[in-house]
Amino acid sequence: MTSDLSKLGDKLILRGLMFHGFHGVKQEEKKLGQKFLIDVDAWMDLHTPGHSDDMSDTVSYTDIYRIAKNIVEGPSQNLLESVAQLIATTTLNNHSQISAVRVVVGKPHVAVPGPLDYLGVEIIRYRTTDMPL
């Protein structure tokens with residue numbers, strides 16, 4: 001697929017989701033946990049719900065929110081890459097209307113010298129190459 005995501009068309013947008021999780025390779029991260037910031041973009045055709053104004057023609061933001069929440073607050077993963085992958089694949093598995101998903105997982109509290117908003121990962125998964133129909 002193309003790297004120009006604007007060509008994918010319509011998308012649902014979830015920004016700044018915050019959850020407490022126990023992910024990381026350090027023992028104190030797994031024991032104490034920390035805050036994680038999540039952004040999700042889910043590409044799907046929004047023409048039908050745009051015309052029908054019917055919730056059954058789209059995917060609820062709440063469904064995607066719950067996927068992110070359950071994964072971040074669920075079993076510990078060592079890597080943010082694993083957390084992002086689980087959110088992406090679960091979203092694609094649960095919602096066949098979604099053709100691609102972008103997930104950003106940020107960690108705002110990291111031991112680095114200097115100010116920052118967060119460090120993290122961003123992944124993009126496409127149904128056609130990463131997840132069969």
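Predicted model: local features only at pLDDT ≥ 70, side-chain atom pairs only at ≥ 80, totals over all residues.

I begin with the pairing of E1 and strand E2, residues 34-43: the two run antiparallel and share nine bridges. Strands here are DSSP runs (E) of at least two residues and helices are DSSP runs (H or I) of at least four, both numbered from the N terminus; two strands pair if DSSP finds at least two bridges between them.

Residues are numbered from 1 along each chain as its sequence is written, and side-chain values use heavy atoms, with hydrogens and water left out.

Now to the sheet as a whole. In general, strands of a sheet pair through backbone hydrogen bonds, either parallel or antiparallel. Here, four strands form an open sheet in the order E1-E2-E3-E4, with antiparallel pairing. Strand E1 (11-21) and E4 are the edge strands, each pairing on one side only. On average, neighbouring strands of this sheet are turned by 15° against each other, direction ignored.

Two helices lie across these strands. Helix H3, residues 61-72, lies across E1 and E2 and runs at about 30° to E1. H4 lies across E2, E3 and E4, and runs at about 30° to E4. For these angles, axes are lines fitted to C-alpha atoms, for helices over the stretch in contact, and the angles run from 0 to 180 degrees between N-to-C directions; contact means heavy atoms within 4.5 Å.

I turn to the charged side chains. How many salt bridges does the structure hold? There are seven salt bridges, the criterion being a side-chain nitrogen of Lys or Arg within 4 Å of a carboxyl oxygen of Asp or Glu. One of them joins Arg-15 to Asp-41, with the closest N and O atoms 2.8 Å apart. This pair links distant parts of the chain, since Arg-15 is in strand E1 and Asp-41 in strand E2, 26 residues apart.

Is Asp-41 buried or exposed? Asp-41 counts as buried because its relative accessibility is 2%, whereas Arg-15, at 43%, counts as partly exposed. The cut-offs are under 20% relative accessible area for buried, over 50% for exposed, and in between for partly exposed, with a 1.4 Å probe and protein chains only.

Asp-41 also forms a salt bridge with Arg-102, where the closest N and O atoms are 2.8 Å apart. Asp-41 lies in strand E2 and Arg-102 in strand E3, so this pair ties together parts that are 61 residues apart in sequence. Both of these residues, Asp-41 and Arg-102, are buried. Lys-11, Arg-15, Asp-41, Arg-102 and Glu-122 are linked in a network of salt bridges.

Elsewhere, Glu-73 forms a salt bridge with Lys-69, again with closest N and O atoms 2.8 Å apart. Glu-73 counts as partly exposed because its relative accessibility is 39%, and Lys-69 counts as partly exposed at 29%.

Let me now consider the loops. His-95 sits in the loop between helix H4 (80-94) and strand E3 (100-107). His-95 counts as buried because its relative accessibility is 10%. Leaving aside residues up to four places away in sequence, His-95 touches Val-59, Asp-63, Ile-67 and Arg-127.

The loop between E3 and strand E4 (119-126) contains Tyr-118, which is partly exposed at 38% relative accessibility. Together with Val-112, Leu-116 and Leu-119, Tyr-118 makes a nonpolar surface patch of about 300 Å².

Val-110 is also placed in the loop between E3 and E4, and at 25% relative accessibility it counts as partly exposed. Residues up to four places away in sequence not being counted, Val-110 touches Leu-116 and Leu-119. From Val-110 to Ile-87, the C-alpha to C-alpha separation is 22 Å in space, and the two are 23 residues apart in sequence.

I close with a backbone detail. Asp-53, in the loop between helix H2 (47-52) and H3, has a positive phi of about 60° although it is not a glycine. Asp-53 is exposed, with a relative accessible area of 74%.

Notes
Patch = residues over 30% accessible without salt bridge, like charges linked within 9 Å, V, L, I, M, F, W, Y side chains within 5 Å. Areas by Shrake-Rupley, 256 points an atom, 1.4 Å probe, with all protein chains shown as cover.
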